Structure formats: C-alpha cells, structure tokens
Amino acid sequence: MAEQTVQYRSAGGVRYELTRKRVRNINLRVRADGTVAVSAPARTATARVDEFVAGRAGWIAAARQKQADRAAAEAARPVPDKAAALALFAASSARIWPLFADIRPAPPELRVREMRSRWGVCCPAQNRITLALRLAAREPELIDYVMLHEYCHFVWPDHQPHFWALVARYMPDWKERRARLRG
C-alpha cells in the first residue's frame, strides 16, 4: 500500500495528522514546530487512533512545551557566521586532536554547515568532521564534547559500549555535557 495521508483530526483536544503506513504499531511524534504526526497501520480503526492520541494528550502537551522551550533557548543564542564558527571549532579540534594523534597522523578537515538534527558528522574515510553551525552558539565545553564524540568515531564507528568507554576515558563528565546540549 502506498503511503496515504488522511485528513487532520482532533482527539482529546489535540489536532494531529494521521498517515496510514505499512507499520505494525501506532506511532506518535511531536515535530519541532509543535505539530503532531501519527502513523498507523492501514487496518487500524480511526476511533482506536483517536483513543491512542487522546490517552497521550498530557505527554503531547509536555513535549510541545519542551519543543517551545528549546526553540526559545536557540533563538536567544546568536549564531556566528560560518568563518567565526570554523575558528571556534578549529580551537576545539586543537585541544582534542593530541589525544588521537597516534591514530590520525593529521588533524581532520573541519567543515561547517546548517544541520537541524545532528551536532556533528564524522567521515573517517575522508578524514573529515562536519559540525552544525548552531553548535558554535553553545558553550566551549559542549563544543569540546561534540568534537571528542566525533573524534572517537575515528576509532569506533558505532555507539556500542566500547565507543562510550573511549569517550568516558577522555571526558568523564560527558553525560552531563550531553544532557546540557540536548536541553
């Protein structure tokens, strides 16, 4: 069955967009703009979907508030231009790279671009780290956390326990920094 978006619906005081898909369960997501998207199997009764959404109205309200708080916090942080961001990231890389100098003979190329869903991306084959422009508006210790995280991907490409052990070896407070970054 091809994806079919059904009309916007309301349940429990929540307006949402229902999409019928080849999925097993009813899935609910609050988007960054606060809209609610629900995907459901084709044969699930609409009344069941409405009941599902209404039963999670409290969670949806809390998620919307969290999204609004996050958007307000980001709006309050001025984002520098790409050249200034690259200079901040280069300073962070200079602090982190010596920890990996025996693994990477040369520091990676750093790039900056607009990214909404990630703080950074590591491409070991090209010896490159790309960082989100909006990261430059964050505190230096949070930039260092993202930089270390990306450097650790030169050693471990996944997020298995050995990856996090390496992060913890060089930055014992990484969980606190990650929580601040996400908040």
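Q: Hi! Is Ile-103 buried, partly exposed or exposed?
A: Ile-103 counts as partly exposed, because its relative accessibility is 39%. Buried means under 20% relative accessible area, exposed over 50%, and partly exposed in between, with a 1.4 Å probe and protein chains only. Bear in mind that this is a predicted model: local features need pLDDT of at least 70, side-chain atom pairs count only at pLDDT 80 or more, and totals for chains, interfaces and linings use all residues. Residues are numbered from 1 along each chain as its sequence is written, and side-chain values use heavy atoms, leaving out hydrogens and water.

Q: Thanks! Where does Ile-103 lie?
A: Ile-103 is in the loop between helix H3 (82–96) and strand E5 (109–113). Helices (H or I, at least four residues) and strands (E, at least two) are DSSP runs, numbered from the N terminus.

Q: Nice. And how many helices and strands does the protein chain have?
A: There are six helices and seven strands in the protein chain. From the N terminus on, their order is β-β-β-β-α-α-α-β-β-β-α-α-α.

Q: Switching to overall shape: what does the C-alpha trace span along its principal axes?
A: About 60 × 35 × 30 Å for the protein chain.

Q: What about the radius of gyration?
A: The protein chain has 21 Å, while a compact globule of 183 residues would be near 16 Å. The radius is taken over C-alpha atoms, and the globule rule is 2.2 Å times the number of residues to the power 0.38.

Q: Last one: what share of the residues is buried?
A: Of the 183 residues in the protein chain, 39% count as buried.
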